[in-house]
Amino acid sequence: MVEVPIKTASKEYPLFIGNDAIYSLSDVIDGLTPRVSSVFIISEETVAELYLEEVRTNLQDSIPVYHYVVPSGEASKSFENYYECQTFALQSGLDRNSIILALGGGVIGDLAGFVAATYMRGIRFIQVPTTLLAHDSAVGGKVAVNHPLGKNIIGAFHQPEAVIYHLPFLATLPVEEWRSGYGEVIKHAYLSGEEFLSWLEKEVSTLDDLKDEKLLHVLKEGINVKAQIVAKDEKESNVRAFLNFGHTLGHAIESELGYGKITHGDAVAIGMVFALRMSEHVYGKDLNVSRLQALLERFDYPTIDCSLDAHRLMEKMKKDKKSYEHTIHMVLMKELGQMEVRKVNDEDVLRVLTTFIKGE
Ligand SMILES: NC(=O)c1ccc[n+]([C@@H]2O[C@H](COP(=O)([O-])OP(=O)(O)OC[C@H]3O[C@@H](n4cnc5c(N)ncnc54)[C@H](O)[C@@H]3O)[C@@H](O)[C@H]2O)c1
Ligand SMILES: [Zn+2]
């Protein structure tokens with residue numbers, strides 16, 4: 001097991017990663033002050049069926065443990081589930097010294113984290129991520145639920161006490177979820193620079209390569225990229241926005257197709273190709289889009305659905321949290337590893353997006 005310290009302006013906490021990480025859970029809880037009075041596990045159906053028992057057996061018998069399970073999928077990051085969790089917590093008698101365990105992927109991390117951020121004005125929580133994508137979502141303290149009019153619109157910044165990344169939990173992930181999570185890994189490589197990107201190109205030919213030492217390396221590198229950015233800018237006033245590389249169009253596609261129709265990482269992969277095309281247009285130089293495309297083709301990432309409408313996507317892009325005054329702001333790449341948030345003109349976006357959708 002490896003321990004990676006996550007440092008933010010407001011807090012420092014450990015991330016434990018490895019094949020035996022879950023066995024540290026009871027020590028982590030034991031080591032907290034004030035003493036933990038009860039544990040509230042929030043999970044979802046698929047993950048709870050597979051791992052809830054195992055997690056429970058790694059908790060001390062002396063502390064009361066409760067659990068609440070929501071359906072699997074993005075639709076569960078809802079205000080209704082948030083409210084139900086609060087009701088359950090109150091009915092179970094959770095107090096200010098209780099702790100929430102988020103057992104699941106990014107959906108549960110975000111939902112349970114937001115419950116923790118607001119229950120009695122904020123109680124402690126621990127992330128127990130179970131997806132590859134969660135190497136991104138479990139670090140950094142952004143927690144939220146969706147509103148029908150916007151993704152992640154109701155949320156908070158609330159850092160966990162610890163992240164416990166038990167890699168055997170990933171063994172049951174379906175292939176499309178490996179690919180989705182790997183989309184964020186590729187994003188982290190583009191933010192980081194040549195070394196990480198060429199390592200991925202050389203060492204990961206198929207998603208089956210993501211095991212043992214290689215999986216650990218990929219996760220540690222990805223987490224480091226995210227942790228370094230969060231350390232500089234916890235609340236996204238500056239460089240943290242770079243983590244949105246590929247997300248302006250990616251979120252618009254997810255929302256246009258309907259949440260759950262395309263995985264987050266697939267949408268981000270398409271969004272990154274578009275962000276590079278936009279960057280080439282804005283900076284007037286060759287940024288080797290074909291290198292990214294070749295990498296994505298290896299893993300069968302989809303290309304953009306040609307029935308999508310450029311104008312509708314642009315309306316969605318204007319609702320992105322980076323955008324203001326009804327103009328689109330995107331994370332563009334000046335060169336590998338060097339990002340910039342830039343305002344882009346409607347005419348430019350329309351031109352590049354239209355050819356992009358046509359597959360030209
Ligand atoms: N807070 C952040 O900084 C941040 C960053 C990136 C993404 N996110 C959020 O994360 C969410 C996406 O996360 P995700 O991709 O992990 O989605 P998810 O939590 O829905 O998990 C994806 C699917 O995998 C299944 N699953 C999870 N773990 C499994 C396991 N071990 N074995 C078998 N099946 C398993 C789930 O049931 C689900 O169907 C989005 O809502 C996104 O907004 C948040
Ligand atoms: Zn993302």
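Predicted model: local features only at pLDDT ≥ 70, side-chain atom pairs only at ≥ 80, totals over all residues.
**The zinc site**

Three residues coordinate the zinc ion (ligand 2): Glu184 through OE, His247 through NE2 and His264 through NE2. The distances run from 1.8 to 2.1 Å. Along the chain, the donors follow the spacing E-x62-H-x16-H.

**Helix H7 and its two partners**

Helix H7 spans residues 194-203. It packs against helix H8 (residues 212-232), and its axis also crosses that of helix H11 (residues 289-298). The table sets out the geometry of each pair.

| Helix pair | Angle | Axis separation | Crossing |
|---|---|---|---|
| H7 and H8 | about 160° | 12 Å | left-handed |
| H7 and H11 | roughly 40° | within 11 Å | left-handed |

Take H8 to begin with. H7 and H8 pack at about 160°. That angle is over 145 degrees, so H7 counts as roughly antiparallel to H8. From H7, the contact uses Phe196, Trp199, Leu200 and Glu203. From H8, Lys214, His217, Val218, Glu221, Gly222 and Val225 meet them. By class, the contact of H7 with H8 has 5 nonpolar, 2 polar and 3 charged residues.

Now H11. The axes of H7 and H11 cross at roughly 40°, so H7 is oblique to H11. On the H7 side, the residues in contact are Glu194, Leu197, Ser198, Leu200 and Glu201. On the H11 side, they are Arg291, Leu295 and Arg298. The residues here divide into 3 nonpolar, 1 polar and 4 charged. Which residue of H7 meets both H8 and H11? Leu200 does: it is listed in the contact with H8 and in the contact with H11.

**A buried serine**

Ser24 sits in the loop between strand S2 (12-18) and helix H1 (25-30). Its relative accessibility is 10%, so Ser24 counts as buried. Which residues does Ser24 touch, leaving aside its neighbours within four places in sequence? They are Met1, Phe16 and Ile164.

**A cis peptide bond**

The loop between H1 and strand S3 (39-44) holds Pro34. The peptide bond from Thr33 to Pro34 is cis. Its omega is near -5°.

**Positive phi without glycine**

Met120 is not a glycine, yet its phi is positive, at about 50°. Met120 lies in the loop between helix H4 (106-118) and strand S6 (124-129). How accessible is Met120? At 34% relative accessibility, Met120 counts as partly exposed.

Glu236 is not a glycine either, and its phi is about 60°. Glu236 is found in the loop between H8 and H9.

Conventions:
Residues numbered from 1 in each chain as written. Chains lettered and ligands numbered in written order. Heavy atoms only, no water. Axes fitted to C-alpha atoms, helices over the stretch in contact; angles between N-to-C directions. Helix = DSSP H or I, 4+ residues; strand = E, 2+ residues; numbered from the N terminus. Parallel < 35°, antiparallel > 145°, perpendicular 65-115°, else oblique. Left-handed = near helix turned anticlockwise from the far one by under 90°. Contact = heavy atoms within 4.5 Å. Nonpolar A, V, L, I, M, F, W, Y, C, P; charged D, E, K, R; others polar. Donors = N, O, S within 2.8 Å, 3.2 Å for Na, K, Ca; no water. Buried < 20%, exposed > 50% of the residue type's maximum accessible area, 1.4 Å probe, protein only.
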